[in-house]
Every structure is written in C-alpha cells, then in structure tokens.
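Good morning, everyone, and thank you for making time for this. Please have the sequence and the model open while I talk, so that you can follow each part as we come to it.

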Amino acid sequence: MSKKIKINLNGKGISCQSGKTIMQVARENGVIIPGLCQHDDFPVKANCRICVVEISGCKNLVTSCSTEVCDGLIIRTDTARVKRSRNLNIELIFAEHIERCPTCIRRFNCALLELADKHKIEITTFKDRKSKRKIYKFANAVEIDGSQCIDCRNCVEACNTLQKINYLELRGKGITQEVVPVTERDGFALINKRKKKSDCIYCGQCALYCPVSAAQEQAHWSLVEKALKNKSKILVAQFAPSIRVSIGEEFGAKGGEVMTGQVVAALKKLGFNYVFDVNFGADITTMVEAEELIGRMKEFRLGLPSPSLKTGVMENGLPMFTSCCPAWIKYVEFFRPDLIPKLTTARSPQIHSAGIIKTYWAEKMKIKPKNIMVVSIMPCTAKKFEASRRELKIGGNWPVDYCLTTRELVYLIKKNRIDFMDLKPLPADNPLGAASGAAVIYGASGGVMESALRTAEYLTQTAQDSVCRSFTKAEKLKTKFCNSRIKFKEVRGLAGVKRAELMMGDKKFRVAVVNGIGNIKSALDNLRDYDYIEVMACPDGCIGGGGQPIPTTAAIRKKRLEALYKIDAKSKIRRAHDNKEAVEVLRWFKTKGKLENQVLYTKYKKRS
Amino acid sequence: MDKILDKIRKANLVGRGGAGFSVAKKWSAVAEALADKEVGGRKCYVVCNAAEGEPGLTKDGYILENYAEKVIAGLKIAIDFFLAEKGYLFLNYSYNKKYNKKLAALIKDSAIEIFVKPIQSGYVGGEESAVLNAIEGKRIEPRLKPPFPVTAGLWGCPTLVNNVETFYNISLVNSGQYDNKRFYDIAGDCPYEGVYELPASFTIEKTLKQTKNYPSFHFFVLVGGDMSGEALNSRQLKRPVEGAGSITIYSLAKNNYKKIIAGWLDFFIDESCGQCTPCREGIYRLREIFLAEKADWTLFNNLLDNLADTSFCALGSSVVIPIKSFMENVLPEMEAKSKAM
C-alpha cells in the first residue's frame, strides 16, 4: 500500500507517495535527473549510471531510477560528488558513440547532445572506442550501428521481451559486448540449447526504444531531398492515418493534438506537388477486405474448404487475418507460412493509395505513371520493406517510390527550418481527399477490424457481396433502414488481446484483436475459436509504430489513440462504403480487367 | 529446529565467500521472507557456491578435497531448516571434474543437485545473483538489487546462497565442533604455498610466521582476495585477514609494480560483465591512462572514485581496493626505498 511520506530533496522538505522512485518524485517536484537507459515501458535496468544521487547515510551513490523513496530520506542531486560521477559516466558513454551528427535524423532531438549541453560535458575526454564496430542492416528497413551503441540493452528488451521475436542477442561481455542479430550466431558451440531460427520482422521497436539511434530506420530522406530538388517528376506525398496525431509532439504540441492540415502544409512547403491522405486508401482496403471476409464466410458455410489434416484449420477459409501490418506479414511468411492462405489478399492502405495514384488518378490527370513519384510518410519501418516487395509492382511500376518514417519527415521539416506549429493548415488534395472515420482509426489497434466490421455488417444485412452493386429503388429504400453498427467498442482499447463474439446477420461471429506481436501466441494457439483476427505488430497499433516520434511510451500512445477515435467520432461519414468517391474508384477498377487485380490484391510467399 | 539458527548466532559465523556478511542475519532474512504471509506460500532454494573464480584462490577446492562430507552435511542442514525444494551445489568446471564422483555419491538420494558453472562465465559468474542467473539459464551477470536473493532468488523464490566454507562451518557448529578457525590461502613469493586452517583471530603477521612464510626480503601483501584484496606494507600486518582469507606475498625486488597493476586491470577488464558504464568503460579507460606515456592522474583517481561510487555490483567497486591501497600503502614506501639507495 502506498502511503504519504516525507523526504528531503536538495534541502527542501517534500511530501510524496511511497513506492515511487527517487527519479519519479524528483521529476514531480521539478528536479530533472538525467538518465539514458531508463524507459517507462520497461523494467528498470540501471546500467547507464547517469542518474546517480547522494543519500545521507549511504556509502555509495545510488541510481535514482531504481531506488524507491522512503520516509526521512535525505537526497542531494547537486553535490560535487554527484556531478563528478554523472559527468564522468556521460563522458564514458560518449566515447562509445561515434558522432554522426551531420546526417543523423535525431540531430534535433538527441539525448546525448542535450546532456552534453546541459551539463557542459567535454565530449572528447576519451577516444572513441567502437569505431570498428559493424552496422547490421535488416532488409531496407532497420539497422543497428554498433559504433553508436551505448550498451543500454533497450533494443534487446524490445525485440526479445516486448515483441518476443528473439532476433537480437547480446554477445560477449565487458568491452567486447555487442548487440548482434542471431543469424550471426555461427561458430558458437551451443550445448543442448539449439535456439529456434529467427529473423527480423522490421517492426522497428528497437529503434523506438534506442536512446541514441544506434538502432534506427534505414534513412531515405536524402534520396527524397534529392528528388525534391531536381523536380523531374510529379511529386506526390501520401501520409498514414496515425501520423497526424503523433507528429505534433516533436514540435512541442501536447500529446494527441491533431495536425492533419499542418502535415499537408509542411509537405507542400517541402516541395511536393500533391499531398494525399492515405485515409482514402484505408477506405479502399476496408471495402476490399470486408468483401473478402463475406466471401470466405459464405464459402465456409457451404462447406467448401476442407480442414487441413495437419493444423486442423481450414485452408483458405476462416479465420481470416488482416494484412495491413507489414511486420505481421513478414512474421507469417517466416515463422508461420502455413497460415499464408488465412491472410486477406487485400493490399495495405499504403499500397492501395499509391496504386490508385499511379493508375486511376494518373489517367484522370493525364500523367504517365512513370512520371509520378510517390513518397509515403509512415509511422512504420516495415512499410519500407513492404514498399520494396516486387509482387506489388503494377505494370512494371513501383506503387511507392520512397517510404519515410514520421521521424524522417520531422527531420526534413526541422532541417528546412519550417515552423511547423505556425503553418496554416491545408486540406489534402482531391479527388482522393475525402475519407470516412473508419479510415483514420486504422492507426489504432482494433481499428482495421472495426472498420471492416462496419462494412461487413452492412454487406450482411443488405445481403450483398460487393459494395459496388447499384441498387434498384426498392432496394435503396430497404438499405436506408439498415442500421448496421458503427461502434464496436469490444475491439477497442489497450489490452494485449481483445476477444469478442458478435452477431453477423443471424450467425455468431468470433473475432480477436492481437495488440502487439508479443501477444500473438494465444491467438495462434486457438485458431479454431475465431473467424476473423486482426494483428498489429507494434503495441497499440500504428500509433506505437517503430517509425513514430521518440519517446513513445504507454501514456503517450494512449493520448494518440484517443485523438484518433475523436476524429472518427467527428467525421461526417463513419463507414468506408459510405465514401462515394472510394466506391467510385472501386467501380472504375471493375471495368479495367486485369488492373483491378494488380492494384487491389496481392499474394504472399514463404520466406526462410 | 530453531536451535541451529541459535547456534549459528552464538558462534558469530560470518560468510566466507568474501563479503563477510553475518550468516545468522542471512538465514533469518530467508526465514522471514518465507514467513511473509502477504506473498503467500513460496518454494525455497539453497545454493552452495563453489565457483571460486578468483585466480590463485584454492581454499574452496581444498575444503571439497578434504571435508566434502561436512560441506554436504551443512547443505543438508540448511535444506532441512528451510524445508527447501532443492539444494544446488554450484561447482566450477575443474572442481566438478575432480570431485564429481565423490560428491555425487554424497548427495545420492538427497534434494541436492550439482550444477556446473558454465566455462565462459568467469569471475563475475561467482557473484551470488549471477550464480542464480546461471542456474536459471539466463545471461550470467549480477542482478539489480534489491530485491536480494534472500527474498527473491531462484525463480523469484527466497534463496540462501552460502559459500563452501560457510556450509562447512555450519556443519561444525551443528555438531559442536566449531572452534573459530578459518582457511587461509597463502600464495606468491613464499616457500610454503597452500591452504591452512588456523584460528580466525590470527593476524596476518602471525599467520605468515606460523606457516613459516614470513619473508626476509622487502615485500608487500595482498590480503582478502588474490586480485580484489587490499595491498598492505610490512608494517600493517597486525590485523586479522578479511574477505576471502587469502594472503599473497609480493617481493618488492622481484616484481615490477607497473606490471602488477596493469595485470589487475587486464583481469578486471576481461571479467567485467559489461552491464554498467563505470565498470565496462571505466576500467578500460583506467588501463588506457595507466599505460599512457603521460598519465592524467587526476582523471585516473576520478575514474577510481567513480567506480567505487557508482558501479552496479561489488566487482566494480572491488577493483578500486587493490589499486588505491597499493598507491597509499606500498608505493610511498617503494619510492622512499629507491631514494635511499
């Protein structure tokens, strides 16, 4: 039980709650104790030793991140002894980290530089120790640069404990200690401990938790910058649903402020000719996916697919999995290729949106697809990998040319000295501008499921299998009275796995939402219990994505999440199939033969 | 059953692993943790630490060689006292090789299991919470404390970790044979290297004289650890031996002190687990400065103080002891001698 106690901090009497750490209590009282290895989402490791403070009666200094306050504690955070140790430990850490400041996207938000500045640290007291360390690159998405690593181990924690992918390993000890991918394990005699094969799923959580960007996205901003300079193509930017509620944090906004108009304005200011909202693509995805779901349910009930002898699950049937999270797709392709037939064949919003830009919109604008360059701004590192998938090419063209993270966009905005908070908000370009509220909640765990359910329920109630069908007058009257639900509260929220039983028409329909790949096990172990499963690899969905602003913590994610649902609640239209322009686009594709398949659907392959 | 705890208390037993913590206090802490009704019923474990990872130290091996049955008896007393689920005999590689057969016979039909210390776990692999990590199959390095092993040790359960010699003493206390002796590990520049069982109250000088190892040449000793001990000059020997009970004799004429210190630093660089900045980075920089042509002694001393003040575990702070005590106790004497010559 927490109780009220009295402590003394730097000569000042303070009353506070027991059970908190010195660092927390100090922060609440305006004394900021610096620290690098501490992260609100993880258990305390206390290995950087920067947050040390002096306690009366204690022989040694103590780490404030790990020491709880107790009654009568006398703490000093500002003695010469504290300063000596704190500064020395910072200097020692600096010598582990090769400064690549000129091209580092954390340059404007760097924990180390801030510390050096605040505490007047000599950053060159010791010679760089790790200059010969390797850079490990994972596809085109994520990298870990050993020469910048300060050994805090957050990345290992993110990969192994949070995401349970077990791809990163801490090898060696002392000064030889290094974070390495497990594929580099060769030459090690493992007695009785053959570990399972693992691979990176590109979720980028390691990057999100790295305090010094040793783990980070593979940056592509410089390529985009070049393209913006030479202007040889029509430059189109498209941004994901979750960016608008997170980007403001980097510019001093409160958590969860909606910045849609500022994002459009900033992208225009950077030199993009057109800026599209991926929300439109999300509406397309919702409809394509809901149609597939309805189709699978029908087939399943007709008894068409037969259960596989091996897994007991229905080939091609139910449960159907969502597919818009590219890290989840990589997970299936690598760890569970047997589940590939269960993935919806709908492409993701990013690829739908880009595909439509390079076909439908290109034709409308009379621009050759080859002359359009699409740059995505995503909350995600795995989206970089998705954009490079060959099977997504449309008639020889990549749908997305470059894919940047939220952090890369922030870097470009700051580098170009654009005063983001002062920008006059602009609407995204039409005809791909308007979108439903169902689209924006794609950014939160449970959002894809909810959007698809809104449309699937409508399809069930009106007994259709496509949103594109046009109605007779009598039918129109009937659909008017169709009162399909909008809110599916049971799939919202921050729980690790959300389960619900709904009615779809007159049939029971069982769904699960897996919030973070680390929680996947229970869903995969009980496939037969579900008809439809959403999986997002990052905690709380894209708002906690690996490309989002740093820091991202549970509390910050909650604010971003609430903001998304507020946008939805305020939207004029709430269901994807009510987005007339989006339905129009789908109808257009129906007349285009092969192209429909090329733009709307995809396939997956086993990877080893 | 509480009798044994009373006996231990009366005998004033201290842990012989090096830290010298009161055995009765440690046992009481485990008992209290087990009695804590708020947490509910928990299992309990007992671990006998025979990692003996500091080079040059051999007394635990000596005890296993000569008094294995007493050690096992002590371990069994602890298991019975705490109603422990299991006892682990944590052996380093070479002790396991030498004594496995004998020990296996002694622990037959008991709740004791031998756990062999993984080869690459080194010196820090003998630290008590690192031992627990090893048994649990985790990365072998000290854990963040609190919680201490007595309240949350193996798999989160209250766990008693005592040294080989401590368990030996417990069995002596139990049978009324304990007479306040301890094992001394004498090594270095002396004629009769070896392990001796002598009264714990002996001073260093008396111990050396008794074993006919008192040098006739100029010397200094490292006491209480062959790497992590305290360096004392020949006028400071009227005190008892602390820590792990070792005395290593260095002839001043024979040894180059720069080499000795560099050797200590090399050892600790290799043995640091790498968790915390002051130890992982700090010791590496200490060596860099020490070997530099123009050493920055202010920085060197700051790094040492920082290590003592902020290291994660006792290994880090123990690095400071030999170096600082050498600088204080031995170096001035050496310099005075070389001036006089």
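Predicted model: local features only at pLDDT ≥ 70, side-chain atom pairs only at ≥ 80, totals over all residues.

Let us begin with the domains of chain A, where the domain assignment gives domain 1 as residues 4-94, domain 2 as 101-186 + 194-218, and domain 3 as 222-600. If you look at domain 1 and domain 2 of chain A, their C-alpha centres lie 25 Å apart, and the contact between these two domains takes 15 residues from domain 1 and 16 residues from domain 2. On the side of domain 1 of chain A that touches domain 2 of chain A, you will find 9 nonpolar residues, together with 3 polar and 3 charged ones.

Now please turn to a sheet in chain A, an open one, in which 3 strands follow the order 6-7-10 with antiparallel pairing. Which strands are at the edges? They are strand 6 (135-138) and strand 10 (215-217) of chain A, each of which pairs on one side only. Neighbouring strands of this sheet are turned against each other by 20° on average, with direction ignored. Strand 7 of chain A, residues 142-145, is joined to strand 10 of chain A by 3 bridges, and if you search along this pair you can find A:Ile144 opposite A:Ala215.

The next topic is how the two chains meet, for which 23 residues of chain B are in contact with 25 residues of chain A. On the chain B side, helix 8 (257-271), helix 9 (277-291) and helix 10 (297-310) each supply at least two residues, and the largest share, 7 residues, comes from helix 9 of chain B. By class, the side of chain B that touches chain A has 9 nonpolar, 8 polar and 6 charged residues.

Finally, let us look at B:Pro149, which sits in the loop between helix 5 (128-136) and strand 4 (159-163) of chain B. Is B:Pro149 buried or exposed? B:Pro149 counts as buried, because it has 24 C-beta neighbours inside 10 Å. Leaving aside neighbours within four places in sequence, B:Pro149 is in contact with several residues, among them B:Leu132 and B:Val161.

Definitions and conventions: Residues numbered from 1 in each chain as written. Chains lettered and ligands numbered in written order. Domains from an automatic or database assignment. Contact = placed C-beta atoms within 7 Å. Nonpolar A, V, L, I, M, F, W, Y, C, P; charged D, E, K, R; others polar. Helix = DSSP H or I, 4+ residues; strand = E, 2+ residues; numbered from the N terminus. Buried ≥ 20, exposed ≤ 12 C-beta atoms within 10 Å, placed from the backbone. Pairing = 2+ DSSP bridges. Axes fitted to C-alpha atoms, helices over the stretch in contact; angles between N-to-C directions.
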